[in-house]
Structures are given as C-alpha cells and as structure tokens.
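Could you have a look at the structure below before reading my notes?

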Amino acid sequence: MNEFLTLMKSELVITFIIFLLLFIKIGKGMKNESLLSLIQVLLLVNFIAGFFFNKEGSLFGDMFHTSPLIVFQKNILSLGIYLISMLCADWLKKTEHLPEFFILMLSAVLGMFLLISSGNLLIFYLSLELATIPVAAMANFDVEKKRSSEGAMKMILSSAFSSGILLFGISLLYGATGTISFGELTAQLDGSPLQILSFVFLFTAFAFKLSIVPFHLWTADVYEGSPIAVTSFLSVISKGAIAFIFMSVLFKVFQPMQDVWYNMIVVLAIATMVIGNLFALRQQNIKRFLAFSSIAQVGFILVGISSNDATGLTSVVYFVLIYVFSNLAAFGVASVIAAHTGKENVDDYKGLYKTNPFLCWIMALALFSLAGIPPTAGFFGKLFLLTAGSARGNYWFIIIAALNMIISLYYYLRVVRAMFMDKNEQPVEKININPTVKLAMIICAAGIVLIGLLSWIYDYIQSLS
Amino acid sequence: MNLLLLIGIPLITAVAVLVSRSKQQVKWISLTGAAVQLAASFALLFAYQGQRTAGNSTQMLFEQNYKLFSSFNINFHIGVDGISVAMILLTSFVLIAGVLVSWNIEKMTKEFYFLLILLALGAYGFFISLDLFVLFFFLEISVIPKYLLIGIWGSGKKEYSANKLALMLMGGSALILVGIILLYYNAGQSFDIMHLSQVNLSGHLQNIIFPLLFIGFGVFTALFPLHTWVPDGHSSAPTAGSMFLAGISMKLGGYGCLRVATYLLPEGAKQYADIIIILSAIAILYGAFATMMQKDLKYINAYSSVSHVGFSLLGIGMLTQTAITGALMQMVSHGLMTALFFAVIGMIYDRTHTRMVGEMGGLMKMMPFISTVFFIVGLCSLGLPGLSGFVAEMTVFMGSWQNDDAFHRIATIAAAMSIVVTAVYILRAIGQTVMGPVKNESYLQLKDANWNERLAAIILVLAILAIGIVPGWLNDLLKPAAEVIMNRLSGK
C-alpha cells in the first residue's frame, strides 16, 4: 500500500484535485476569482510535491512503471499547467464553467501521466484516450463561437481515426508477437513484415497526435478555433507528453527495429520541419502562426529522437522543458491581448511597443527562444538536439535541420518587426496586466534566460536517465 | 589578469542600464562602463606584454577552464593570445566611440544603449573563448541586438536591411554550426580549440569541413559573393550600429576564418587557398569599383569596407606568416578606420540631414574639426604612410609577394591596383563634401562637433596614429600568434 502511494503519487494528487473541484462544483460553488486562486495554489502544490519521494518501481504487474526521469517529465507537465492557469487568468475568470474546465484539463493531464508511465499497450491505449477526449471538450469551450465547435469536431474525428489505426496496429502486433507488455515485446521483435506493418500503424497514431507532417492537417484549425488556454495546452502539454512516451516506446520497446524507424523518423522530421516552416511563413492569425511553428518544433524534436541514445533522450526532455517556457510565454502574451481587445492577428501587433513594452519584450524573448538565438535557452535546446541527432553521422540531415533554423528565424522576426518597428496609427491600447499574469510571464522569461545558462540543469536531467 | 572581467564589466553595465531611471543616467553609466572596459583592455595588453617579456611562451595566457555541459564535454574555456588582445583593444575603442557618438539619441535611449553593450559583450566573449561551443554562443548573441538596432533606430529601408542581415548571418551561423558539429564528432567529441589544434583529421574530412566553416565565418566578414548584406546593413544602421557592424562584427568573421577554419583545418586551408585568393581579389577590386559609383557617403564606406576586408581574407589565403600578420593588422586597422569613418558620416548627417555627396560642399568652413577628421580617415583609407591603413596593407602585400609563383603574384598585383581606385573615390568624396564652395546657404548656420563627438573622434584618431607611426607593438603582438598558426599549417 505504501508503495502504491509513493509510486503513483503524481496521479493521486491530480485525482484528488479533480475530486475536490467536483465537490466544489456540486456544492455551493465559489466565485471564479477565488476558485482560480485556489486552483493555482493547488497546481503549485502539485508541482512542488513532484520533487519529493521519487522512487523507481512498477505496479500492477508492470502495467505502471515509474522512474526519476519519468517523474521529472511529469513535473515538466505540471509546471506547464500551473503556468497556463496563471497566464490565461484573464480568460479563465470570464468563463462560466471554470471548475469544469479544470476538471477536463486535469483529467487529460492524468491521462498523460498514466501514458508516460504505461508499461503495457492496453493501459497505453486507455490513457491515450483519457488524454485526448477531455481536450476535445475543452477545445469547444467557447461555445458561442462557431470556429470553436468546428475545431473540436475536427479534433474528435481525427483522434478517433488515429485511435482506430492505433488499435489496429496493436492487434496486429499482438497477433505477431503474442504479448502486449512492453517488457516482453522487445524480445519478440525480429522485424518480420507483419511486425513492421503493425509498427507503421502504431507510428501513424503517434504521428497524428504529434502532428507530424503529413498527419498535421487538423492542427491549425483546432488551434485557431480553440480558446488560447486550450491551444497552449494542446501545443505544449499534449505535445510534450506524447513526445516523451513516443521516445521511450521507440528507444526501449522497438529498439530491435531501430533501422526501420530511424529512416522513417529522418524522412518525417525533414518533411515536418520544412512544411511546418513554409506554412508558418504566411500566417496572419497568431494562433495559426504558433500552430505551424509548433509543427516545425516537433520536427526538431524528431531530430533528437533519431539519435536513439541517452544523449537524445536527455536533449528531448531538456528541449521540451525549454519549449514549455518559450511557447507558453508567447501564448501568454497572445492571450492577454486577445482577452483585452479580441485581436489575434499579427498585423494588430504593429506598434505594440509604444503602448505595451513589457508584453513586447516577453514576446520577443519567447520568439527568439523558439528560433534558437542565444542567450535564450532555445539556443541550447536546439543545438543539443542537433548535436544528438548527428551522432549517427547523417550530416545531410543536420544541414537541412540547420537551414530550417534560417526559415524559422524569418517568420519569428516578422512578429518582432511588427511589434518593434512597424508604425501603426492605432496600436493596441495600454493594457493593465493582472499581477498573476505578470508574475507568470516573469517566471517564463526567467526560465527562458536562465535554463540555458545554468548548465547543471542539463547534466541533472542526464543523471536521471 | 582575470579574463572574466572582460565579460563581467559589460554585463554589469548592461544590467545597470536596465535599472537606471533617466536618459542622463543611462548615458553616463554606459560611458563609465565603456571607459572601464577600455582601461581593462589596456591592463590586459600590459599584463600580456609583461608575461611575454618575462619569458612566458605558453600559447594562451590567463587561461581559465570551467565545466559547462559535462555530458557534451563543453567547457567554458577562455584564454588570450596576441590576436585576441589586439581584437579586444579594438572592440573597446569602438565601443567607447560608439557610446560617445550616440549621445544625442532621443528615441528609446535605454534600449539603445542596452543593445549596444550587449553587442560588445558578444564580441568580448567571442574573442576570449577557446571552446567552439562558447565561441559560437557569443557569435550568435549579437544577432538580436544587430537586428533591433538597425530595425528600430535605422534609416532608409531599415526593415529590409535588418531582415537581410539577420537572415544572411543566420545562414552563415548554420554552416558554422554544422561545421563544428562535424569537428566535434570526428575529433574525439571535444569542442576545445586547444584540443582540436592537436588533432589531424584526414584530408578528406578537412576538405568537407573547411568550406563549411570558412564560408560560414566568411558571411560575417563579407566574403565575396556573400557580401550583399554589408552595403544595406551598414547604410541603414544608426551611426553606432554601423560602427559596430563594420568595426567589430565583420572582424568576428575574419577572426573565425583564421582561428577556427584555418588553424584547426590546415589541410583544408591549403586545398582551398587559391579559391580564397581569387574571391578576395575579386572582392577587393569589385568593392573598389562599386564604391566609385556610389553617391551616398554610407554606401561609399560600406562598399569600401568590402574592398578593405578583402585584404584580410587575401592575407589569410596567402598562407605566409607575414601575410597572416598583415591580415590581422588590417582587421584592427580597418576596424578603427571604418568606425571613425561612420562616426564622421553620422556627424555630418546629423547636421546636413543628407548623406548625398553631391548635395554637400565646403563643409570645412562651418565644421573644421569634423572635416579634418574626415580628411584623416580618408587618407588612412587610401593607405597614406603614417596612418594604420598603410602599415596593414603593406604587410599584406609583402607577405603575399613571398609566394613566388605567377598566380600569387598576379593576385597581389591586382589587389594592389585597387589602391589607385581607392584614392580616386576617397579624394573625390572628400573634395566634393569638404572643399569647394558652400552649395547650400542653410549650411552656413551649422555648428562644429560637440564635446562628445570630438572625444570619440580623438580617441579613434589616436589609435590610428598609434598603429601608423609606431606599428612595432602591434606587430610584436600579432606575429608570435601568427607564427603558431603558420607552424600548424606547415605541419611542424
């Protein structure tokens, strides 16, 4: 019993918060403002609690597995949801169904935690569904907006489709190997055609969730339609969780078939980076813009995954950590502006520096970090991904990835230029930023600047794996 | 001497600028920081010379080595040799002059000085780092400040220029990045320059990596035909920005070409030396002739920078000790000279509000000080003996002549001919702006330089004279370092 409590600690805390919110909802209810503060405190406690009593072990006959690295990955996600709850405070306070929003969000997070810890294809599938379906409901949270419903519909359809493919792949794999346990699967893999076929189906399901090109088409519409809080959740937390499990499945379970998946990853990474970048070039809506930029970032994550060693593992975790701060800061600024003025286009940002210098600096830092320019942490993140990815000596791959950094710089600079240089008769008026939001932005900015310079963080992650 | 001071002072200055409250405070803090930095650079010079005369012949002095990312074997390894010391001095001179000439910036003063100091920080870090990763980090740091300085405070088609510059330099960085990753994996997973300089990679690998690194750094230093960001970037940038871009940023590239590409990959350098010579000879001549056609003072200096920087690349391509020493001298000399040139152009533009040569005339009457400085810098540019340009170019030519085959001789002669062209455009520009009758009546009201402008100009003129009249100290500084590179090239 004691082991159950310590090993599943992260999941239990989240479950506890979900039930607490349910009771609050059923009971008298609270004012949005005080409820939001309560939730923020709870999420902070959840994040801090993640650092204590971490042990390695498995439960339920290897269905659930945890280790310090896995707990660290969960902590990154916890940090992300804590930041989202602060950054999007303006919007959250206005929603009528605040408790439901967080119940859904935390259910999805619970699914992701189980997903990262899963040691068996069955629990893997179940938790993947748990991590997806609540998000579709969240995407529909701006009920009166048509786009929001449209996005939710697209999301639910495409994820149902990918789940079908995943299940098909799992059943084929079971037929080919006779087991669904990750631990036993590896020994059974010999690269027979049936196994490769089932692996391709599994891979496709992952590609859907990670929005790897050519399975990315749902991304932009869903991102644009959803409220920004949900968009940031989708693009940071979901992506991070799926990237973690994807990596550990590839590195641990499908290690015997690495030649097969290495080539797939290389091709898809190139396609994802190039197409994500090219589509981002001309986007006007800031959410669509960040959607395509996040597709391109996933391409970079794939570069790290292609390394198939401990360095790659560490680099991806490190990159996701940085990505949480950078992308959430960008979404945070967009959220503040959208909540106060309803404007979401890059052109609306013209001349923003005159009225809102603080927001501009945060946005600029975030974008430079996404582009990988020092002294921001994104520089280190990208560089380590590239270094890890070139360990196999596939240098053309790295050259293409490095050239993609130039394209991405172009469109990130477009936003910077709009904010700092372009003139505008009627820029967005001065916004009074809520102190909580400001604090969250400062945390993000500090993360962006410090994570790279404090080099022990990388070595710490390395020591966990 | 502790080299961390060189990064620490700008860092403290930048933070102090951020927290200061008024424009006056910002300016004075920046000026103090730049002055302290200049003092520190001189202290470094004397400490370095002291060590050398005391017989310390270690290649790098004042080394420090801290673990940074131990999983990747990345260390914060810093140290200086003569080249670094010279470059650090150059940076300090340009920094203080840049701070002084920007004294009257009204628009977003705090941000301006902050970015300017950040730019200098990157340059100092770049010149002292002995680890390729750290070096690359400092090289890249300057992208944001350059982009914003041009885009916000620039003139003309500034957004276009800022974008072009950022993207082209990023392209160069991408090549450098691939190059250093290749080096890393093929030379025992290390980024350390001192370690890599002991490794002899196979000729085949060197032939692959060398062009990546050389072209990558070449973009920064206007290697023909990748020089196209230079004219636009320099002419759109604010005065201090142009001074930095041409004076220091382009030298980062030259330093990288020498220290990283040539020094670490000697076989590759020999393989591609002829191509480098051809490209730099083209750059020298093309730059000179292109300058002839320009009517805008900033464009004149920008194109002439392409031509002058060509001399340093030519010197590197010649692969003799004297030529490499000359190339380094040219970097220092051109850095000072072009910074002064842009400073003077900025002063003139602030008063006349035009940079067109044709619209000016007789400026000597109203502003004798500025005009005199303009004269001096022009003469330095065309290589008058007694000024730094002559010493540097002469050394390059002497070094080039040591190669006694027809190809090298022809390239040398071609490059030397550009001096004539230089004389034509420089004298014409000076003649039309400074001499002659006053073309515009309203110019008669113009005032001569302020104290800050005078100070900036005097500091730079003194530096130019110090190299031009007594070049020995610079030669002594650079020569041993060039010798180390030569030894590596000749396989000793």
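Here are a few numbered points on the fold and on one helix pair.

1. This is a predicted model, in which local features need pLDDT of at least 70, side-chain atom pairs count only at pLDDT 80 or more, and totals for chains, interfaces and linings use all residues. Residues are numbered from 1 along each chain as its sequence is written, while chains are lettered from A and ligands numbered from 1 in the order in which they are written.

2. Chain A holds 21 helices and two strands (DSSP runs, H or I of at least four residues for helices and E of at least two for strands, numbered from the N terminus). Its radius of gyration is 21 Å, close to the 23 Å that the globule rule gives for 465 residues, so chain A is as compact as a globular protein of that length (taken over C-alpha atoms; the rule is 2.2 Å times the number of residues to the power 0.38).

3. Of the 465 residues in chain A, 59% are buried (20 or more other C-beta atoms within 10 Å of the residue's own, with C-beta atoms placed from the backbone).

4. Now to the helix pair: H14 (residues 286-305) and H18 (residues 377-389) of chain A pack at about 40 degrees, with axes 7 Å apart (lines fitted to C-alpha atoms over the stretch in contact, with angles from 0 to 180 degrees between N-to-C directions).

5. Where do H14(A) and H18(A) meet? A:Phe300, A:Val303 and A:Gly304 in H14(A) meet A:Lys382, A:Leu385, A:Leu386, A:Ala388 and A:Gly389 in H18(A) (C-beta atoms, placed from the backbone, within 7 Å).

Notes
Buried ≥ 20, exposed ≤ 12 C-beta atoms within 10 Å, placed from the backbone. Contact = placed C-beta atoms within 7 Å.
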